[in-house]
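Good morning, colleagues. Please take a moment to look at the sequence and the structure on the screen before I walk you through them.

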Amino acid sequence: MTDRTTTSPRICPNCDGHASAAITTGGRDRHGHLRTITVDCRACNGTGIARRSPAREGARA
């Protein structure tokens, strides 16, 4: 009897699974710390996992 395997989540092709990045703005605050902002991947909304499109699901069935 074969074991059931679960499919692994699909990694987002746009960010390659690295969904969030901290980017420096180039300046420092008065304490000397670098100012950074966190940016999320637009395609996966910061999850790192690509969602299947409904159009592809219908074509596969």
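Isoleucine 49 sits in the loop between β2 and α1, the latter covering residues 54–60. Please bear in mind throughout that this is a predicted model. Is isoleucine 49 buried, exposed or partly exposed? Its relative accessible area is 40%, so isoleucine 49 counts as partly exposed, given that this class lies between the limits of 20% and 50%. Setting aside neighbours within four places in sequence, isoleucine 49 is in contact with Pro9, Arg10, Cys12 and Cys44. The C-alpha atom of isoleucine 49 is also 9.5 Å from that of histidine 18, although 31 residues along the chain separate the two.

Two of those contacts lead us to the core. Which residues make up the largest nonpolar core? There are five of them: Cys12, Cys15, Ala19, Cys41 and Cys44. Cysteine 12, for its part, touches Gly17, Cys41, Ala43, Cys44, Gly48, Ile49 and Ala50, again not counting residues up to four places away in sequence.

I turn now to the strands. Strand β1 spans residues 20–28 and strand β2 spans residues 34–40, and they pair in the antiparallel sense over six bridges. Within this pairing, alanine 22 of the chain stands opposite threonine 38 in β2. The hairpin of β1 and β2 has five residues between the strands, and there glycine 32 adopts a positive phi near 95°.

The surface also deserves a word. Ile23, Ile37 and Val39 form a nonpolar patch there, with about 230 Å² of accessible area together. Isoleucine 23 has its place in strand β1, and with 42% relative accessibility it counts as partly exposed.

Which phi does aspartate 16 take? Aspartate 16 has a positive phi of about 60°, although it is not a glycine. This residue lies in the segment before β1. Aspartate 16 is exposed, because its relative accessible area is 56% and the limit for that class is over 50%.

Asparagine 45 likewise has a positive phi of about 60° without being a glycine. Asparagine 45 is located in the loop between β2 and α1, the loop in which we began with isoleucine 49. With a relative accessible area of 51%, asparagine 45 is exposed.

Thank you for your attention.

Definitions and conventions: Residues are numbered from 1 along each chain as its sequence is written. This is a predicted model: local features need pLDDT of at least 70, side-chain atom pairs count only at pLDDT 80 or more; totals for chains, interfaces and linings use all residues. Side-chain values use heavy atoms; hydrogens and water are left out. A nonpolar core is a set of buried Ala, Val, Leu, Ile, Met, Phe, Trp, Tyr and Cys residues joined through side-chain atoms within 4.5 Å. Buried means under 20% relative accessible area, exposed over 50%, partly exposed in between (1.4 Å probe, protein chains only). Contact means heavy atoms within 4.5 Å. Two strands pair if DSSP finds at least two bridges between them. Helices (H or I, at least four residues) and strands (E, at least two) are DSSP runs, numbered from the N terminus. Patches are made of residues with over 30% relative accessible area and no salt bridge: like charges are joined within 9 Å, nonpolar side chains (Val, Leu, Ile, Met, Phe, Trp, Tyr) within 5 Å. Accessible areas come from the Shrake-Rupley method with a 1.4 Å probe; for residues, only the protein chains shown count as cover. A salt bridge is a side-chain nitrogen of Lys or Arg within 4 Å of a carboxyl oxygen of Asp or Glu.
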